[in-house]
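Please view the sequence and the structure together before reading on.

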Amino acid sequence: MKIKTLALATALAALGTAGLAEPLKVGMITTLSGGGAGLGIDVRDGFMLAVKQSGNTDIEVVIEDDQRKPDIAVQLADKMIQSEKVDVMTGIIWSNLAMAVIPSATAQGKIYLSPNAGPSALAGKGCHENYFNVAWQNDNLHEAAGAHATSEGYKNTFILAPNYPAGVDALTGFKGQYKGELSGELLTKLGQTDYASEIAQIRASGADSVFFFLPGGMGISFLKQYADSGIDLPVVGPAFSFDQGILQAVGDAALGVRNTSQWSKDIDNATNKAFVESFQAEYDRLPSLYASQGFDTANLLLSAMGKASVKDADAFRAALKEADFASTRGDFKFGNNNHPIQDIYVREVIKEGDVFTNKIVGVALEGHGDVYAQDCKM
């Protein structure tokens, strides 16, 4: 699918990008079908909303569905670079796809702006001047969950995540900030839907709490089965399994669960309030974490376009590095490895009328970067 935004304009134009010197072409590869499609759809919709609101008529966005398959993502990336001649790439949700696409794209001189996946391999020694992560490094929200579990006094937590780069990073991140013992640690199958065996192991482990990272449909399946199991242990996790696009499917099983996120719809700043309102008006649903990341990614790109030509690679990278845009998160800046330094919040799942959502109840980590930046030579 191709979406050209040349005709888009809106009275909401607020970014002042009217003085652009030349057009810019964006290649967005994201997950729009199958398991996890909701995540890619939200990234796409957030990104396109920001472009629409900017009133920018000099940006073209080519959108393709990776079907959550690394080989498909690689084929699409090759086509976008070689045939479509895109200037900038974005969109990938899953870290295994990111590892298949991003190193090759950046080596070919393309700027890559990640609206989600932040594998550790690209944050440390594998950092690159053409790669910017606008979401987080994979460990970050899990580090915050570990810090929160420690502050809650949990002493014997059972942890599990899928066996792929983001899942490994998740468990590493949690353990990096958690000060208690582990009653068990599991890497599950990516895309798994039956967690009877894992829940039995949790029951027998003597745990006093559970941490899990299971994004998309995996989290829905686990939480429902966990609730039905009758196990009454507190659960803590990152936002990915308790975000807006998932909560309605999980229902009451998620109420009261604490989760960690760099974004929430109740962050009190003008940009975020306007984003939540306009996203809901445009798409008839509340935005998710992924939508906010797509929105911020587009606004970062638009801010750089207003300062430099993408044909001048050094100047354009410098403009991106400035991060001179109003983020839905409030304070936002890049570290030396082009990954965010930002606050990470603790949220609690609540119900507003008939809608399940989150509210901020605290800050887990302030001005937090990532541990891999020290290995990045930039």
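A crossing of two helices is called left-handed if the near helix is turned anticlockwise from the far one by less than a right angle, and right-handed if clockwise. The model is predicted: local features need pLDDT of at least 70, side-chain atom pairs count only at pLDDT 80 or more, and totals for chains, interfaces and linings use all residues. Residues are numbered from 1 along each chain as its sequence is written, and side-chain values use heavy atoms, with hydrogens and water left out.

**Domains**

The domain assignment, which is of automatic or database origin, divides the chain into domain 1 (22–139 + 267–342) and domain 2 (140–262 + 344–374). Taken over C-alpha atoms, the centres of domain 1 and domain 2 are separated by 25 Å. In the contact between them (heavy atoms within 4.5 Å), 29 residues of domain 1 meet 34 residues of domain 2.

An unreviewed UniProt entry places the feature "domain: Leucine-binding protein" at residues 23–353; such annotations may be inferred rather than shown by experiment. This span is 43% helix and 20% strand, and its end C-alpha atoms lie 45 Å apart. Helices (H or I, at least four residues) and strands (E, at least two) are DSSP runs numbered from the N terminus.

**Helix pairs**

Axes are lines fitted to C-alpha atoms, for helices over the stretch in contact, and angles run from 0 to 180 degrees between N-to-C directions.

| Helix pair | Axes come within | Crossing angle |
|---|---|---|
| α2 (residues 70–84) and α3 (residues 95–107) | 9 Å | roughly 25° |
| α4 (residues 140–151) and α5 (residues 165–177) | 7 Å | roughly 35° |
| α6 (residues 196–205) and α7 (residues 217–229) | 10 Å | roughly 45° |

Angles under 35 degrees count as roughly parallel, over 145 as roughly antiparallel, 65 to 115 as roughly perpendicular and the rest as oblique. Helices α2 and α3 are therefore roughly parallel to each other, and α2 passes α3 in a right-handed crossing. In α2, P70, A73, V74, A77 and I81 meet N96, L97, A100, V101 and A105 of α3. This contact comprises 9 nonpolar residues, 1 polar and no charged, where Ala, Val, Leu, Ile, Met, Phe, Trp, Tyr, Cys and Pro count as nonpolar, Asp, Glu, Lys and Arg as charged, and the others, Gly among them, as polar.

The crossing of α4 and α5 is right-handed. Here H142, E143, A145, G146, A147, A149 and T150 in α4 meet A170, G173, F174 and Q177 in α5. By class, the residues of the α4 and α5 contact are 5 nonpolar, 5 polar and 1 charged.

Helices α6 and α7 are therefore oblique to each other, and their crossing is right-handed. A196, I199, I202 and R203 in α6 meet F222, Q225, Y226 and S229 in α7, a contact with 5 nonpolar, 2 polar and 1 charged residues.
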